[in-house]
Amino acid sequence: MEKAAELEPKNADILSNLTFSYVAQRNYQTADKIFDRLIVTAPQSLGPVLVKGAVAILWKGDLSVAEKQFSSVPPEADPQGLMTWARVWVLTLERKFPEALQVLGKFRGETLVTSTTAPCPKAFLEGTIHLLQGDKTRAQAELEHARVVSEQLLREAPDDPNRHSQDGLILAALGQKQEAIAEGKRAVELLPESQDAFDGPQATAALAQIYAWTGESDEAFRLLDHLFAIPNNLTVPMFKLDPAWDPLRKDPCYQTLINKYAAKN
């Protein structure tokens, strides 16, 4: 990829793939420099702007870059919801839950484009945020609607591992433990790390999150220990920030894992 970038220094696809490879290896300093080149090459594209903000979070836990980058994008430039999804993600990491719901409320679609192949039901984001706020009644109704949308998404692409991962997370949020774990495992079966070293770990990470949400802490920590040791997008700064891992924070293994990988991540 480095050689390809030398031969075609303004090819946005080559630069993008090269950067993602460095991100997966947690070489953020190099990735950040290439993203600056990518933004100059494709100034109208939302992708480089979005990922540069994400890299700052993964690298240093710095939310300010993403907040500045994402908030500068006008709503009319985001018809499919990618930037809305990104803004909600950052606000959730900041635990600004009312603000995240306000941003979601302005998006009129039922699903949002995300960083994966799985469109995200708007109701899933709303439901999880209300769960984080302790409003289980509102969350239940939203998550049940998200489940209906998720079932339709699965019918449209039954072999998409990301849709199975997302369905598993929705089921986990609804308290349907066995069904959630089964969906998470199905995603890993469809995209094992042995076949895809780049995207495969994302299915593993989703299964770890499902385990965390369903009270299977030992299984969650087993997978997390593996994920921190291989190339992927899980980092210690993200692990500390993300409310998705709140169910694990009181377990002694949580700090043990951070201490083990802090210097490497």
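How are helices α5 and α6 oriented to each other: roughly parallel or roughly antiparallel? The structure examined here is a predicted model, in which local features need pLDDT of at least 70, side-chain atom pairs count only at pLDDT 80 or more, and totals for chains, interfaces and linings use all residues. Residues are numbered from 1 along each chain as its sequence is written, and side-chain values use heavy atoms, with hydrogens and water left out.

Helix α5 (residues 64-71) packs with α6 at an angle of about 150°, their axes lying 10 Å apart. Helices are DSSP runs of H or I with at least four residues, numbered from the N terminus; axes are lines fitted to C-alpha atoms over the stretch in contact, and angles run from 0 to 180 degrees between N-to-C directions. Angles over 145 degrees count as roughly antiparallel and those under 35 as roughly parallel; α5 and α6 are therefore roughly antiparallel to each other. Their crossing is left-handed, meaning that the near helix is turned anticlockwise from the far one by less than a right angle. In this pair, A66, F70 and S71 of α5 meet M83, A86, R87 and V90 of α6, contact being defined as heavy atoms within 4.5 Å.

A second pair is formed by helix α7 (residues 97-105) and α8, which pack at an angle of about 165° with axes 10 Å apart. Helices α7 and α8 are therefore roughly antiparallel to each other, and their crossing is left-handed. The contact involves F97, A100, L101, L104 and G105 on the α7 side, and K122, L125, E126, I129, H130 and L132 on the α8 side. Helix α8 (residues 122-132) is mostly covered, with nine of its eleven residues buried (under 20% relative accessible area, with a 1.4 Å probe and protein chains only). Just after α8, G134 adopts a positive phi of about 85°.

The largest nonpolar core comprises 73 residues, and I57, L224, F239, W245 and L248 have the most contacts inside it. Helix α6 (residues 82-93) gives the most to this core, contributing seven residues. Such a core is a set of buried Ala, Val, Leu, Ile, Met, Phe, Trp, Tyr and Cys residues joined through side-chain atoms within 4.5 Å. Leaving aside residues up to four places away in sequence, W245 touches A205, A208, Q209, A212, L224, L234 and F239.

The structure holds zero disulfides, a disulfide being a pair of cysteine sulfur atoms within 2.5 Å. C120 is buried, with a relative accessible area of 2%.

Definitions and conventions
Buried < 20%, exposed > 50% of the residue type's maximum accessible area, 1.4 Å probe, protein only. Helix = DSSP H or I, 4+ residues; strand = E, 2+ residues; numbered from the N terminus. Parallel < 35°, antiparallel > 145°, perpendicular 65-115°, else oblique.
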